[in-house]
Amino acid sequence: MHGDAISEDLGMEDREFYVADTFQDTCKNCSVTGTCRNNIIVRNILTSGYRSGQDTMKPRWNRPVYWNGKKVNVQKNPNEGKCSHGGKFDNSRKETPSGGINKDSSNPVLSPHHYLHRTAAWAAIKATEKFFTHEKHGIFKNMTHKQIQGLFNIRLTRSSLVFVIDSTGSMKEEIVAVKDKTVEIVEKTKGKRNAPTSFILSTFSDPERMTQVRQTNDADEMIDWLRNIQAANGGDCEEYALSGLEKAIERATPESQVYLFTDAPPKEPAKFESVLTKAIKKRIRITPILSRGCGKDRRRREASDTIDYDFDKINSWYKIFDQLADKTGSQVYVTNEKQLENTLTVLEENLVEYPVEIMRSTLHPADQSYLEIYVDKNLWDLRITIDTAGDKFSVSFYSPDGKDVLEGSNNYQVQLTDTKYLIKIDKPQIGKWTLERTTNEQKPKRWLVKVIAQSEVDFSVNLYDNEDGVKFEISGRPIAGTKITAQVRIPKVKLIDKLDEIILFDKYGNILLKSNLKQGKHRRNQSFKGKFAIPKTTFYIGIKGRDKNGNTFTRTKFIPYIPSSMKLEVTPIPVISHPRMNLQVKFMVSNEGSRTERILVFMSEALEYTVTNSKQRYTLGSGQNITGHFNVRMRDAIGKNVVITITSEIEGGDTRTSTQYDTVETTILEKREIIKPPVKQNPPRCDFEIPVSSTEECIKSFEDFSCCRHRWSAVINAEASSDFSPIVNMVSSMSSNLSSHQIISSGVVAYRANISNDCCTDRDTVYVRDTKNQIGKCFLRVVPPFLSFNTTCKTEIEYQSHDNQPNLLHNTVVLTFCLVLISIFYEF
């Protein structure tokens with residue numbers, strides 16, 4: 001339509017875009033065997049070409065024309081009609097109108113408009129880019145990167161790379177190594193396909209006001225920030241690590257990696273649930289890298305250069321970070337100055353292009369001394385992390401052909417900390433590998449094993465509950481015992497042969513249950529569904545199937561699902577709020593357990609709002625529920641998107657399973673910026689009836705330029721939306737003659753109006769208004785738009801002068817002859 005310029009109106013709801021009418025001719029005859037030029041007879045109207053062999057045939061050129069549901073007699077050009085696709089393989093090119101309009105190639109035998117091929121290709125590229133990335137209308141604007149990945153069966157890294165760094169004085173010995181490694185990591189992301197969408201640096205110190213969060217899309221700017229970090233201030237043992245984490249998580253995009261570097265316990269442990277909830281909501285993984293400690297714990301480590309990792313006997317501050325890591329699908333690394341360089345290699349291992357999680361399990365001589373690890377044809381860069389919990393590290397790793405790849409070689413293993421070890425196999429042999437624990441301690445501890453790799457085959461999973469026949473996605477923690485549906489999606493489903501089952505594991509890798517997966521209707525469908533009841537204990541989800549060569553493949557998600565015996569539902573609040581606005585955040589909490597519980601529902605204040613009744617306690621019997629609300633007042637945090645978290649907790653219960661949470665969101669804007677949503681209206685309804693005679697008379701008037709001397713007439717029928725809002729009046733937008741009268745039929749009050757105008761005004765919009773000032777409208781058009789080709793009109797004088805031209809010539813000749821005779825007579 002516009003060469004290499006794209007149409008800004010196509011696909012826009014608020015724009016008019018004209019498409020050729022069903023009965024409108026769009027092409028004229030041209031060459032059947034080669035190039036066609038200027039054979040499209042419409043302008044600024046979207047049309048396309050019919051092709052033989054399709055389910056819709058090209059219409060005949062002399063087909064009848066229908067308008068407003070009635071047949072209209074129209075004289076048509078025998079050389080015009082609907083366009084054909086054209087080209088050697090399209091038989092419809094021989095039908096009138098001949099030729100075609102396709103520009104699929106630059107070959108004139110295949111494409112009649114071959115000379116437009118390159119221009120059209122560039123226009124298509126520009127339009128595609130706009131469709132995806134336009135700042136206002138682009139679909140990427142409202143999609144998560146997981147949705148984009150699923151849509152195109154590709155991986156697009158849209159996550160943030162986040163570093164949260166303790167910059168207090170006690171970190172001065174570690175800060176140099178931390179700065180060097182983080183700079184190295186950011187450098188390696190430059191120009192990479194999987195480069196983060198943004199970099200976030202959060203540095204925390206003491207006092208809390210010195211916590212600073214910065215965000216950039218520029219890797220070089222991030223590097224400058226990292227290099228300029230200085231360790232200073234502090235003084236006491238605890239630091240504001242959780243505040244630094246919370247502010248960074250709020251800025252980060254979903255599914256980001258957050259790395260925390262500190263040597264001190266958190267000063268604000270009450271923020272633990274808030275930080276964890278926000279991280280889980282965004283599926284963000286927190287990886288704490290801890291060095292030494294402070295107080296007695298610090299001096300003990302400095303004296304021994306080794307670390308006791310029994311968290312039940314050492315300072316409890318490690319537990320907080322360990323739980324943050326475990327519940328977000330990561331793990332904590334506790335190190336010292338000598339091992340810090342090796343420990344920091346975990347950053348590189350996690351920032352690969354196609355990361356997938358294969359297995360999470362444990363090794364213990366009493367119940368499980370070996371693990372079977374399956375390598376499929378789509379998998380490479382195998383990485384196994386083993387936490388020995390302080391035991392001596394000794395393992396064998398057998399390839400599918402029975403060879404121990406670790407025997408006599410240190411090339412495949414790295415010691416990350418005193419207790420954590422990494423095994424690396426870049427190109428593993430396809431088949432079943434076996435990892436065997438070979439130590440024999442007096443009191444052996446359970447080893448945690450995590451297996452990751454790279455692969456294009458990965459999966460996502462969503463859990464759905466059914467209530468009164470309505471399916472909805474589970475938010476917060478699932479309720480133990482509830483029967484749910486799991487929907488598994490594999491974007492690259494074409495790379496696998498079959499997906500057999502979904503498997504639930506406990507924290508030790510023991511199988512809790514299995515459920516068969518059923519694929520959608522088609523072989524290429526990416527979605528699989530399975531059903532099961534939620535276990536009572538923490539569980540992890542994995543899948544098992546076969547690749548194209550029949551090899552077993554497994555994938556797992558390291559983020560745990562922690563069931564709860566409580567249901568917490570929070571009523572949505574206005575999506576837009578304003579400073580000093582008072583809100584009621586309503587909730588309902590239910591006890592789904594088998595005994596009476598004392599339940600605490602609480603909500604913490606934040607920089608964006610205050611809460612007056614932040615803690616509420618209830619006693620609920622089994623199956624009981626209660627509603628309540630929090631009074632919230634928004635602060636002057638204009639432009640901030642606020643996530644409000646409500647948490648419920650069984651007092652005295654296990655904190656891992658006795659808590660539940662839900663969130664609501666709002667954006668704070670100035671009051672004058674808030675646009676009130678329009679009031680829902682129910683305006684009067686109207687329609688019209690146009691006689692065929694009016695349409696045909698106007699069509700004839702266009703042919704002889706007499707539209708102003710011919711008239712059309714129609715009937716408008718209007719009905720009020722209710723008895724409480726009767727119709728007041730009807731108005732024509734084109735000043736047509738309009739006379740209306742009231743009709744009562746079966747108790748319903750309606751209006752009927754006769755409307756007429758000359759054929760030069762062959763369209764009109766009639767507005768119908770009721771007592772509530774609600775306006776309905778109906779648009780009528782007497783003549784099809786493709787036949788309203790000439791609405792100019794000659795006057796009566798022009799017609800008379802045109803009709804009397806022969807008589808005028810005769811009179812002129814006679815008069816001239818008489819004058820000549822008079823002249824001759826005068827001479828004589």
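A charge is said to sit over a ring if NZ of Lys or CZ of Arg is within 6 Å of the ring centre and within 35 degrees of the ring normal. Keep that in mind for the first close-up of this predicted model.

**Figure 1. Two charged side chains sit over aromatic rings.** Arg-446 lies over the face of Tyr-508, and the distance to the ring centre is 4.4 Å. Another example is Lys-557, found over the face of Phe-459 at 5.0 Å from the centre of that ring.

**Figure 2. Phe-587 and Tyr-618 form an edge-to-face pair.** A pair of aromatic rings is described by the distance of the centres and the angle of the planes. The structure contains ten aromatic pairs. In the one shown here, the ring centres of Phe-587 and Tyr-618 are 6.4 Å apart and the planes stand at 65°, so the pair counts as edge-to-face; the cut-off for that label is an angle over 60 degrees. Which strands does the pair tie together? Phe-587 belongs to strand β30 (residues 582-591) and Tyr-618 to strand β33 (residues 615-620), so the pair links parts that are 31 residues apart in sequence. Both Phe-587 and Tyr-618 are buried. Elsewhere in the model, Phe-163, Tyr-259 and Phe-261 make up one aromatic cluster.

**Figure 3. Ser-361 is a buried residue of a strand.** Look for Ser-361 in strand β11, which covers residues 355-363. Is Ser-361 buried or exposed? Its relative accessible area is 4%, and buried means under 20%, so Ser-361 is buried.

**Figure 4. Helices α5 and α6 run roughly parallel.** Two packed helices are described by the angle between their axes and the distance between the axes. Here the axes of α5 (residues 241-251) and α6 (residues 272-281) come within 10 Å and cross at roughly 25°. That angle makes α5 roughly parallel to α6, and the crossing is left-handed. On the α5 side, the contact is made by Leu-242, Leu-245, Glu-246, Ile-249 and Glu-250. From α6 come Phe-272, Ser-274, Val-275, Lys-278 and Ala-279. An α-helix has 3.6 residues a turn, so residues three or four places apart point the same way.

**Figure 5. Helix α6 is largely enclosed by the rest of the structure.** How many of the ten residues of α6 are buried? Eight are, so the helix is largely enclosed. The buried residues are Phe-272, Glu-273, Ser-274, Val-275, Leu-276, Thr-277, Lys-278 and Ala-279. Lys-278 has a relative accessible area of 14%. Not counting residues up to four places away in sequence, Lys-278 touches Glu-246, Ile-249, Glu-250 and Val-643. Just after α6, Arg-283 takes a positive phi of about 55°.

**Figure 6. The whole chain puts the close-ups in context.** The protein chain has 13 helices and 43 strands. Of its 828 residues, 46% count as buried. Among contacts between residues at least 6 apart in sequence, 72% join residues at least 24 apart.

Technical notes
Residues are numbered from 1 along each chain as its sequence is written. This is a predicted model: local features need pLDDT of at least 70, side-chain atom pairs count only at pLDDT 80 or more; totals for chains, interfaces and linings use all residues. Side-chain values use heavy atoms; hydrogens and water are left out. Rings of Phe, Tyr and Trp (its six-membered ring) pair if their centres lie within 6.5 Å; planes under 30 degrees apart count as stacked, over 60 as edge-to-face and the rest as tilted. Helices (H or I, at least four residues) and strands (E, at least two) are DSSP runs, numbered from the N terminus. Buried means under 20% relative accessible area, exposed over 50%, partly exposed in between (1.4 Å probe, protein chains only). Axes are lines fitted to C-alpha atoms, for helices over the stretch in contact, and angles run from 0 to 180 degrees between N-to-C directions. Angles under 35 degrees count as roughly parallel, over 145 as roughly antiparallel, 65 to 115 as roughly perpendicular and the rest as oblique. A crossing is left-handed if the near helix is turned anticlockwise from the far one by less than a right angle, and right-handed if clockwise. Contact means heavy atoms within 4.5 Å.
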